[in-house]
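Please look over the structure below. The text after it starts from one residue and widens to the whole protein.

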Amino acid sequence: MNLIKMNLHRFFRIKAVYVLMVITMLLVVFTVLDGRSTTKEELELYKQIETENGGPSENLGISISILDEFGVEKVASEMIASQLLLVIIAVFVSYFFNEERAKGYLKNLNSCTNHKVFLFLSKIPVVCVLVILLFADVWLGAAISCDHVLKNSMSDIITFNLFQILLHIAFGIFICMINELFRKQILGVIFGVLAAVAVPSMLVSSVMNMIPGLEKLSNICFFMTAPMVSQIRLNGSLEIPVFKMALFMLTVFLGLIYAVIGSLSIQKRDIY
């Protein structure tokens, strides 16, 4: 418990946290304002392109097809599903995780416990707080800049946020694991950002497609954390590509796997 308190205390004392919250909210607001400036003719052109391509065109992480609606939950959903928050989590968690080793905080934290594994596990509450703050930030930015029209049911909105928060927390634990394995902030940031935009899963899927007998297994890669984030959206109704209970169990399983690997790594290695 003392380790958790110390990590949370350090988290809220970092000025970058508050700068990050402001930048995230402004990004949501400016994305909507940029969309509102789109002329009617341009909007019709984008819609025509979408019809021809069979999918949405992207503009600063948000689908052009929603720019004429500006519903709060629609904008928030698209911003979250754009994987923007995953990139922010990858960068900040890598910084937070490695700062304690670089500045010697780890020695003080290690004196608070007899088990090194808790040095890793105590970061998970920080990840949870960061994710919840980022989600609140996105929804607040959407509420400020959008029409206050909720076209989805409240149960769909709550379910969407629940699953997305769980997926983002699992990804945050994954970033902690990567930083514990590499122990280099720059490597953690690079690999984390690549993972946030689903580059590793796409590469693995491509390799499996080239190996005879593994083609059918390549779809498994799309059930990793980052690809799943982009698939869950609010488009008039909640869109989840798998059964809700299966997604819940998969998310919890991934989070546990990342936590176990990170814990075993710090337990077996010199922490300094």
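Leu187 sits in helix α10, where helices are DSSP runs of H or I with at least four residues, strands are runs of E with at least two, and both are numbered from the N terminus. Leu187 counts as partly exposed because its relative accessibility is 40%; buried means under 20% relative accessible area, exposed over 50%, and partly exposed in between, with a 1.4 Å probe and protein chains only. The model is predicted, so local features need pLDDT of at least 70 and side-chain atom pairs pLDDT 80 or more, while totals for chains, interfaces and linings use all residues. Residues are numbered from 1 along each chain as its sequence is written, and side-chain values use heavy atoms, without hydrogens and water.

The end C-alpha atoms of α10 are 16 Å apart, which agrees with the 16 Å that its twelve residues should span at 1.5 Å a residue; the expected span is 1.5 Å times one less than the number of residues. The buried residues of this helix are Gly188, Val189, Gly192, Ala195 and Ala196. They lie on the same side of α10, because they cover an arc of only 135 degrees around the axis, taken from the directions from the helix axis to the C-beta atoms. Ala198, which follows α10, has a positive phi near 65 degrees.

In the protein as a whole there are 13 helices and four strands. Of its 272 residues, 47% are buried. Among contacts (heavy atoms within 4.5 Å) with a separation of 6 or more, 78% join residues 24 or more positions apart.
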